[in-house]
Amino acid sequence: MNAAMVKTLGRCPVCGGTRLRKLPAPGHWIGEEVFGDYEGQFALSRCLECSLVFVNPAPSQELLERFYSGDNYSCHQPNATTPARRGAEFVLALLREYLPPSAGRRLLDFGCGGGSFLEVAVQQGWEAIGYDVGPSALKACSGRGLHVVSRLEECAPASFDAITLNHVFEHLEDPGTVLQSLKHLLTAEGRLLIEVPNWRSLRARLSLPLLSRHFGFDERFRAFPIHLSYFTRSSLELLLRQNGFRIEKSTTVGFGLEELIRRGPDKAPTPATRGLAEPQPRLNGKNWVKQQCKKWFFRLGWGENLLVIAAVGQRPA
């Protein structure tokens, strides 16, 4: 076992704070074939300054690349399910709502995986390009006739009207540096959309290690130890502002409670509905109560995922 495969951070990756509190590691791991030899060495820390929770000590970049290049990483495979398409349509509709009328339709999907989101974007008329470094992802996208690059340097500055990071940001070792790179790729009127798991969701609150070990509550959504950062709304917004972005929209989406109880090793969890993307039924008394419950669920910050849309620079006067 190589000690160099484990790294310890003395500062928070978001705010640089040094007041860190150690937290118990999740009871459920993924990637045992790569990380199994290091069990007991990875843990979690919480920054007492900005509330970010992050893996610390964490796997080295070399160890993470070994996992991502393996055959068991399913995010690099195409996902053509109805929930995946519905999620893509929801994100694209939201982007159109926040893009100025004068903006174009050129999009970069950072961490495009198997290309399912890209495919929907192309079908809707976007000039969409994907970025990924995983060999399986590049092969899957190319096989579907999608435009994908493995180096951001292949993209011209100020050339994208929208950049999406859909459940990618939490995997990044240095999210601030990535934000700086993406900021220079956006047009002046462009928008950045980030969706990440919500550390303070109702599902996260009910997925404690104790409940996971003794009652079968599911911690797999934490994807420990490859999810390097676990954001709250405040820590994600702080990171964006520190890197020159202004927040246009910040909310929580998705219920996630249908995946709370484990289904067993042979049954993959089904994607959670975002709730906000569902067609609105004709209101009667029962439906009105249901819609109000949804509204307050997300307003209280209990949604499974955080979703933020941001623009570059200060708000125009």
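This is a predicted model: local features need pLDDT of at least 70, side-chain atom pairs count only at pLDDT 80 or more; totals for chains, interfaces and linings use all residues.
Trainee: Why is L307 called buried?

Mentor: The term applies under 20% relative accessible area, and L307 has a relative accessible area of 0%, so it is buried. L307 is found in strand β13, residues 305–312, and, leaving aside residues up to four places away in sequence, it touches F90, L94, L193, I194, E195, K249, S250, T251 and V253. One of these contacts, E195, is 112 residues apart from L307 along the chain, yet their C-alpha atoms are separated by 4.4 Å.

Trainee: Why does R246 count as buried?

Mentor: Its relative accessibility is 15%, and the limit for the term is under 20%, so R246 counts as buried. R246 is found in strand β12, residues 245–253.

Trainee: What makes the pairing of the side chains of R246 and E248 a polar contact?

Mentor: A polar contact requires a pair of N or O atoms within 3.5 Å, one able to donate a hydrogen and the other to accept it, and the side chains of R246 and E248 make such a contact at 3.1 Å. The side chain of R246 also reaches the backbone oxygen of G313, at 3.5 Å.

Trainee: How do you know that the buried residues of helix α2 are on the same side?

Mentor: In α2, residues 61–68, the residues L63, L64, F67 and Y68 are buried. They cover an arc of only 135 degrees around the axis, which puts them on the same side of α2. What covers them includes α1 (32–35) and β5 (58–59).

Trainee: Why is H167 called partly exposed, whereas A223 is called buried?

Mentor: Partly exposed lies between the buried limit, under 20%, and the exposed limit, over 50%; H167, at 29% relative accessibility, therefore counts as partly exposed, while A223, at 9%, counts as buried. H167 is found in the loop between β9 (160–166) and α6 (175–183), and A223 in the loop between α8 and β11.

Trainee: What makes the backbone of these two residues worth noting?

Mentor: Most residues other than glycine have a negative phi. H167, which is not a glycine, has a positive phi of about 55 degrees, and phi of A223 is near 45 degrees, also a positive value.

Note on methods:
Residues are numbered from 1 along each chain as its sequence is written. Side-chain values use heavy atoms; hydrogens and water are left out. Helices (H or I, at least four residues) and strands (E, at least two) are DSSP runs, numbered from the N terminus. Buried means under 20% relative accessible area, exposed over 50%, partly exposed in between (1.4 Å probe, protein chains only). Contact means heavy atoms within 4.5 Å. The arc is that of the directions from the helix axis to the C-beta atoms.
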